Amino acid sequence: MSECGGRGGGSSSSEDAEDEGGGGGGGGPAGSDCFSPSPAPATASSAGRLRRGLRGASLMARQRPELLCGAVALGCALLLALKFTCSRAKDVIIPAKPPVSFFSPRSPVLDLFQGQLDYAEYVRRDSEVVLLFFYAPWCGQSIAARAEIEQAASRLSDQVLFVAINCWWNQGKCRKQKHFFYFPVIYLYHRSFGPIEYKGPMSAVYIETFVRRVMKPLLYIPSQSELLDFLSNYEPGVLGYFEFSGSPQPPGYLTFFTSALHSLKKDYLGTVRFGVITNKHLAKLVSLVHSGSVYLHRHFNTSLVFPREALNYTAENICKWALENQETLFRWLRPHGGKSLLLNNELKKGPALFLFIPFNPLAKSHPLIDEITEVALEYNNCHGDQVVERLLQHLRRVDAPVLESLALEAPAQLPDPPLITASPCCNTVVLPQWHSFSRTHNVCELCVNQTAGGMKPSSVSMPQCSFFEMAAALDSFYLKEQTFYHVASDSIECSNFLTSYSPFSYYTACCRTISRGVAGFINSEQGVFEAPTVAFSSLEKKCEVDAASSVPHIEENRYLFPEVDMTGTDFTGLSCRTNKTLNIYLLDSNLFWLYAERLGAPSSTQVKEFAAIVDVKEESHYILDPKQSLMKLTLESFIQNFSVLYSPLKRHLIGSDSAQFPSQHLITEVTTDTFWEVVLQKQDVLLLYYAPWCGFCPSLNHVFIQLARNLPMDTFTVARIDVSQNDLPWEFMVDRLPTVLFFPCNRKDLSVKYPEDLPITLPNLLRFILHHSDPASSPQNVANSPTKECLQSEAVLQRGHISHLEREIQKLRAEISSLQRAQVQVESQLSSARRDEHRLRQQQRALEEQHSLLRAHSEQLQALYEQKTRELQELARRLQELADASENLLTENTWLKILVATMERKLEGRDGAESLAAQREVRPKQPEPSGTPQLPGSSPPPANVSATLVSERNNENRTN
């Protein structure tokens, strides 16, 4: 304290002295700030403090030099520490560790863990089939696929070279040249063809199957039984006929082989199979005659032969032609992940049948798939083709005679139809409640039939149902409805009546007496929902209150018409006789059982076989009973029950496992399983529909809690249901949330919806309940006085029937007036049609005249053509003669050249002889030569030879 205080006093006194000396030159003392009437600026004060601090530090350094040395040493240490820290900061990002081997050293896979892509390309040239596995060491899917690749390599290492390449190492060539967006990636090469990318499941059996398809893309077919195996397969087949007797590689074989590899490159599933036939007798069975022909087999449509005259015979064209014209019985689906949109895209195409079966692609035989193929062939065999029947016999292993041809034949001409033929144009009519006969006949099947004078079914390709015919049938049915008044029977009764619109058709109405309450809740304590029974009661019995309440729910019935034989329906060609044609899809249950559980399959089962039908348009979902085994008979029955008009299948409802609130709470939580038990009990029920995502629904909880406290629990139930987790029958579903439904006691079929425009408050709910409930009408009161109410009900029904008849008369009058207007329009159209006909006839005559003129002109042109042809032939003949003469002149010219050369040599010899004679004259004593040299066999030329040669040369020049 003394040291800090002493240093402080000395510094302040010296500061005052120096400030006074400096203040004289600066304009005032620095210490006069506190006594000055006006304060100095803040900047001057801070500058003064800084100067005082520096002076104090310098004074202290002069007095204590050891402190100055310590401060300097401390600063140097701080600078060294800062420099050391900055130098280490540069090395924070350490270089990556060198990669290690991804596969074990004993693995049959060649692991290029440093990304040596150039070495992989080098070893690929020496192998026939190579599989390249591009991976990233950190990728979980690559790690999971490692064992599958090793398993496949252990089985195929003697035939296929398996190479793994680390494509994530930043210093490797694979990372620099390949830019993959996902791992792992599998490429296959067949010699110089490739790459063929594999996108299937990362399972050893599937990878091995695909590799074997790349190894042998063509299947050799030596016998008829193997040909039938090839054609009866569910996958489309392409056959090529090649004769190997003349050459080891016939023309077009290599192109066909490459087209099979192109198919695998474009479709990794390998849905199109390629086969080769070398026997000409087998080739004739599929209408192949010439070597190099290609045949695409289709089960139901006409099979095709590759059109060489229209398309070039190349591998790309053959593959494209096969993929565009293929026909599939059913498809394999292999969705990626648990949230794939593949199923959604397929469901938009129509009703779908999903079959989950355990599948081993390496197995030689698949009995269950053969049964499914048989079902698909029968389901789509609309015309009873003989080829399809022969393939079905082969699948059933039934011995059949050898076919002369497997090509599709023209359909045989149908025999003449009988006098009266039934038309498939039918419609179901549910009679309104206000009909007097609606107590008995309330469901009718109305069909339009053709008489002998109508159009024969053989004259059209497919029968069509006209909307106007059905509308006329409904009108005539309502006019003839009195014929069903006096009938009351439990059997199906049919009646025929003619139509006033066409003399060639009549209608058939088959009606059935059923009760309005088609479902009943017999025992509310046990929650048993039994099928309805047909009731024939009078009006007085109808007014009596039964113990079981009726529910208007036809969907829950097992059979609406028990007498109708549902099993008698022919399954063959069913897809063409129903408007609910199914698309069949197969999924491997070993890989995609998660989807089966979402569709309703049990999570724990020994045999993973499951079948479900999903119709998005109708919002229906049916499953095959898990207790039944998946086989041909059960599958056909499942499809038949879905295709009939009144389907006996029960829609599969998905509900939550447990309720949110216990039973002792004021509000009862309803689920799919407890819906019938809660709603159909013998008391009034107010049901609230809600969902967790509905923001307004929780605000109503206090209103319903107060309502449940105000009403007695023994006669009234307040319940709610979460519709996002619980499915209900369609008649109990709603289209908006929140929604309130009221089910009065003993009148469950007369449920009432709370008005949407009315606020949901406690007073409004109480008024709504009191208005639609009838507490005074207990079962004892109703049983004591049923006559008056029954009479009032019957009077109301009669008045409703009379009003309906008046409305029908008004409709008929309006139709008559519309028909008159239509008649006027038709007459005007007929007059315009006659004018058009007259104009067309005039145009026809003008065209005929033009046609005659054109025909005459064509004849003239033909004669001119023949004349010019003859002239051209004559010119050609003359040109040929000139060519022959030219050749003769050329020959003579050659001989003349030879003769000229000979004569020139003779002239040279003569000149030499003359020179010799002159020398002899000079030297007369020398002997004369024996004679001039001459060519052997030549004679001396005559005197006029030179003139002849000159003339011949001139002729030659002129000829040239």
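**Ground rules**

I'm working with a predicted model, where local features need pLDDT of at least 70, side-chain atom pairs count only at pLDDT 80 or more, and totals for chains, interfaces and linings use all residues. Residues are numbered from 1 along each chain as its sequence is written, and side-chain values use heavy atoms, with hydrogens and water left out.

**Entry 1: salt bridges**

I started by asking how many salt bridges a search of the whole structure finds. The search gives 19, where a salt bridge is a side-chain nitrogen of Lys or Arg within 4 Å of a carboxyl oxygen of Asp or Glu.

I looked up Lys173 and Asp118, whose side chains meet in a salt bridge at 3.2 Å, N to O. This pair links distant parts of the chain, 55 residues apart: Lys173 sits in helix H6 (residues 173–177) and Asp118 in helix H4 (residues 117–124). Helices here are DSSP runs of H or I with at least four residues, strands are E runs with at least two, and both are numbered from the N terminus. Lys173 is partly exposed at 41% relative accessibility, and Asp118 is partly exposed at 40%. For my own reference, buried means under 20% relative accessible area, exposed means over 50%, and partly exposed is in between (1.4 Å probe, protein chains only).

I stayed in helix H4 for another pair, Glu121 and Arg124, three residues apart and so separated by about one helical turn. Their side chains form a salt bridge of 3.0 Å, N to O. Glu121 is partly exposed at 22%, but Arg124 is buried at 16%.

Next I checked Glu756 and Arg736, which also meet in a salt bridge, 3.0 Å from N to O. Glu756 lies in the loop between strand E26 (752–753) and helix H21 (762–772), and Arg736 in the loop between strand E24 (716–722) and strand E25 (739–743), so the pair ties together parts that are 20 residues apart in sequence. Glu756 comes out partly exposed at 45%, and Arg736 is partly exposed at 39%. I also noted a network: Glu874, Arg877, Arg878 and Glu881 are joined by salt bridges that share partners.

**Entry 2: disulfides**

I found three disulfides in the structure, each a pair of cysteine sulfur atoms within 2.5 Å.

Cys167 and Cys174 have their sulfur atoms 2.1 Å apart, and their link is left-handed, with -95° about the S-S bond. Cys167 is buried at 2%, and Cys174 is buried at 0%.

Cys382 is joined to Cys576, S to S 1.7 Å. The torsion about the S-S bond is about 70°, so the link is right-handed. Cys382 is partly exposed at 29%, as is Cys576 at 45%.

Are Cys694 and Cys697 buried or exposed? Both are buried. Their disulfide has an S to S distance of 2.4 Å and is right-handed, with 85° about the S-S bond.

**Entry 3: Leu110**

Last, I looked at Leu110 in strand E1 (residues 110–112). Leu110 is partly exposed, with a relative accessible area of 31%.
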